[in-house]
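Please examine the fold shown below before reading on. The explanation is meant to be followed with the structure in view.

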Amino acid sequence: MSSRSTPTIDIDVVSVHETESGYVSGSGSESSLPEIYFTKPHLAFLNRQLQFLEPQEILQWCITSLPGLFQTTAFGLTGLVTLDMLSKMKIPRPQMVDLIFLDTLHHFPETLALVDRIRSEYPLVNVHVYKPDGVDTSEEFARKHGGNLWQTNDELYDWIAKVEPAQRAYRELQVAAVLTGRRRSQGGKRGDLDVIEVDEAGLIKVNPLANWSFQQVQGYVQENNVPYNELLDHGYKSIGDWHSTQPIKAGEDERAGRWKGQQKTECGIHNPRSKFAQYLQEQERKKREEALHKALGNLEISF
């Protein structure tokens, strides 16, 4: 797994010179700069401006405005278009956008073959692969978590296969912002998607092709000879794990083949904190309280 160093930003230290001047200089130390955050009015303003820009212009804004920027992708068509657009922008190496791919261990063979092809055709792009913690194959996953966890407990499956690896990637790579492949035309919860969002953990999510239709995305892929998943030639439009992805019929929404017959439309990465994540957070809080009570008890005994 490859990695790179991204700047850590700390609000605590400001030089005397900068404090006296009333300004914080971009040429000063990184530790003198505040963390990136957007107020609600600022976020609304940015979305009003960005929605009129072309995807390439949005990407250029991201590169010049957002440190710790990565692209999260499962190599769907929109993500591939984003990758190809970035490759044509002649970005200096330190500012190039690395990819994060979550290998759930349940992808189609065609998807994994595409990952290898992307590495070959875009050799300057780093692809960081994250798998479920402690396992490397679907067989190991089944032995550890059960053979059909996505059926018996889909929230737990999403946490183990996608959400936890994503959070681990963000932590280890010091990710502050991500480019996603979500679009409004994909339907479901994505119908009113903004170009830029901030999730409950403070992660900035940018959807550079939010305004594009499937036809526009497909047209770009064809015109620019962008490599794509072979399953798209067999009735698939949105491709995830093999056990939760089916081809769609004419006239169906683009993501109709995902979790067909279920109310579910997202895997957990783009949802608010899941019930399982809330449960884990509560368990961690209880552990901290128990440790504190124990420490206080030992302190009383020593007196």
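The paragraphs below move from the whole chain to the sheet, and then to one helix and its neighbours.

This is a predicted model, in which local features need pLDDT of at least 70 and side-chain atom pairs count only at pLDDT 80 or more, while totals for chains, interfaces and linings use all residues. Residues are numbered from 1 along each chain as its sequence is written, and side-chain values use heavy atoms, with hydrogens and water left out.

The secondary structure of the protein chain consists of 10 helices and 6 strands; helices (H or I, at least four residues) and strands (E, at least two) are DSSP runs, numbered from the N terminus. Of the 303 residues of the protein chain, 42% count as buried, where buried means under 20% relative accessible area, exposed over 50% and partly exposed in between, with a 1.4 Å probe and protein chains only. Contact here means heavy atoms within 4.5 Å. Among contacts between residues at least 6 apart in sequence, 70% join residues at least 24 apart.

The strands form an open sheet: 6 strands in the order 3-2-1-4-6-5, with mixed pairing. Its edge strands are strand 3 (127-130) and strand 5 (196-198), each of which pairs on one side only. From one strand to the next, the twist averages 30°. Strands of a sheet pair through backbone hydrogen bonds, either parallel or antiparallel; two strands are taken to pair if DSSP finds at least two bridges between them.

Strand 1 (residues 69-72) pairs with strand 2 in the parallel sense over 3 bridges. Within that pairing, Thr72 has Ile100 of strand 2 as its bridge partner. Strand 1 also pairs with strand 4 (residues 177-179), again in the parallel sense and over 3 bridges. Here Gln71 has Leu179 as its bridge partner, and Phe70 stands opposite Val178. Leu69 and Gln71 point one way from strand 1, Phe70 and Thr72 point the other way, and all are buried.

How many residues of strand 2 (residues 98-102) are buried? The count is 5 of the 5, so strand 2 is largely enclosed by the rest of the structure. Both of its faces are covered, with Asp98, Ile100 and Leu102 buried on one side and Leu99 and Phe101 buried on the other. Thr104 lies in the loop between strand 2 and helix 5 (109-121). This residue is buried, with a relative accessible area of 2%. Leaving aside neighbours within four places in sequence, Thr104 is in contact with Pro132, Tyr157, Ala161, Lys162 and Asp241.

Attention now turns to helix 4. This helix lies across strand 1, strand 2 and strand 4, running at about 140° to strand 1; axes are lines fitted to C-alpha atoms, for helices over the stretch in contact, and angles run from 0 to 180 degrees between N-to-C directions. The buried residues pack against helix 3 (55-65), strand 1, strand 2, helix 5, strand 4 and helix 9.

The axes of helix 3 and helix 4 come within 10 Å and cross at roughly 70°. Helix 3 is therefore roughly perpendicular to helix 4; angles under 35 degrees count as roughly parallel, over 145 as roughly antiparallel, 65 to 115 as roughly perpendicular and the rest as oblique. The crossing is right-handed, a crossing being left-handed if the near helix is turned anticlockwise from the far one by less than a right angle, and right-handed if clockwise. Pro55, Gln56, Leu59 and Ile63 of helix 3 make this contact with Thr82, Met85 and Leu86 of helix 4. By class, the residues involved are 5 nonpolar and 2 polar, with no charged ones; Ala, Val, Leu, Ile, Met, Phe, Trp, Tyr, Cys and Pro count as nonpolar, Asp, Glu, Lys and Arg as charged, and the others, Gly among them, as polar.

Helix 4 (residues 77-87) and helix 9 (residues 214-223) also have axes that come within 10 Å, and these cross at roughly 50°. The two helices are therefore oblique to each other, and helix 4 passes helix 9 in a left-handed crossing. Leu77, Thr78, Val81, Asp84 and Met85 of helix 4 meet Phe214, Val217, Gln218, Tyr220 and Val221 of helix 9. The residues of this contact divide into 7 nonpolar, 2 polar and 1 charged.
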